Amino acid sequence: MDQLPLIPPPEAMVGSLSLTLRIWRQADPGSAGAFEDHRLEGLSPDLSLLEALDLLNGRLVREGRRPVGFDHDCREGICGSCGFLVNGQAHGPRARTSVCQLYLRHFADGDTLVLEPFRARSFPVVQDLGVDRSAFDRILAAGGYCSVNAGQAPDANALLIGRDQAASAFDTATCIGCGACVASCRNASASLFVAAKLAHLGQLPQGQPERARRAAALQQRMAAEGFGGCSSHLECEAACPKGISADWISWMHREGRR
């Protein structure tokens, strides 16, 4: 949770963009929440949305008010820590873009941006825009470890893997576990997340010994965590910042019947 805002350098704060941020504020999981409006003036279009929140939090701290809580880490679109709804869309309106890589130049002067947390029973709100996504960790833990020892680099390189096979496995391995697929699905399904994690190892030699057991275990744990079934509306694919194909969900269901 972001409690100590990171303030961009002064030269990054000067601009001509004005935005209203309508932000969901909820102090803790047991409290009622409500939207608050905050007007930011003179923003540089080169600021990211998270940097705009940093500026707002700096102002709130100076006023003796609680800053807005939100999740983040790398701010480079690779860790999956960030994520909330921007005008009803997970990560905002830009395709294949995580919210930390969403820049203000993608909005018009005077716009109102509605920021709210991912809405899913399995992602309970922790505070404001931050949710608890530890259900994903428990799903992965249910898969267990990979028993194949690839050894050190020279030994691992001796295990030949075709280019197309490696590229396909890498495409699914790019899943960052942000939860946008869950937030965009009408059934709050984690099918795309689980499918990507299964397809990563399921396409490589190292993943073969536990392949069938892992497929069953991850899908069973997904249901136990309260995620819904796939609705086949493909919103998960559209919201995924890494553009992972929903075709892997069909692959996952076939894996479960191995």
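1. I begin with F136, a residue of this predicted model whose relative accessibility of 3% lies under the 20% cut-off, so F136 counts as buried. F123, at 1% relative accessibility, counts as buried by the same criterion.

2. A search of the whole structure finds six aromatic pairs. In one of them, the rings of F123 and F136 have centres 5.3 Å apart and planes at 75°, and because an angle over 60 degrees is classed as edge-to-face, that is how this pair is described. The pair links distant parts of the chain, with F123 in the loop between β5 (112-116) and β6 (125-127) and F136 in helix α3 (residues 134-142), the two being 13 residues apart.

3. F123 has a further partner in F227: the ring centres are 5.8 Å apart and the planes stand at 80°, so this pair too is edge-to-face. Since F227 belongs to the loop between α8 (211-224) and α9 (235-239), while F123 lies in the loop between β5 and β6, the pair ties together parts that are 104 residues apart in sequence. F123 and F227 are both buried.

4. Which residues make up the aromatic cluster that contains F123? F123, F136, F193 and F227 form one cluster, and a reader viewing the structure may wish to display these four side chains together.

5. Two arginines deserve a separate remark, as each lies over the face of an aromatic ring. R105 is placed over Y103, at 4.5 Å from the ring centre, and R119 is placed over W24, likewise at 4.5 Å from the ring centre.

6. Turning to helix α5 (residues 163-173), its buried residues are S168, A169 and T172. Seen down the helix axis, these buried residues fall within an arc of 95°, and they therefore line one face of α5. R163 and F170, by contrast, are exposed on the other side of the helix. The cover over the buried residues of α5 includes α7 (191-202) and α10 (247-255).

Methods: Residues are numbered from 1 along each chain as its sequence is written. This is a predicted model: local features need pLDDT of at least 70, side-chain atom pairs count only at pLDDT 80 or more; totals for chains, interfaces and linings use all residues. Side-chain values use heavy atoms; hydrogens and water are left out. Rings of Phe, Tyr and Trp (its six-membered ring) pair if their centres lie within 6.5 Å; planes under 30 degrees apart count as stacked, over 60 as edge-to-face and the rest as tilted. Helices (H or I, at least four residues) and strands (E, at least two) are DSSP runs, numbered from the N terminus. Buried means under 20% relative accessible area, exposed over 50%, partly exposed in between (1.4 Å probe, protein chains only). A charge sits over a ring if NZ of Lys or CZ of Arg is within 6 Å of the ring centre and within 35 degrees of the ring normal. The arc is that of the directions from the helix axis to the C-beta atoms. Contact means heavy atoms within 4.5 Å.
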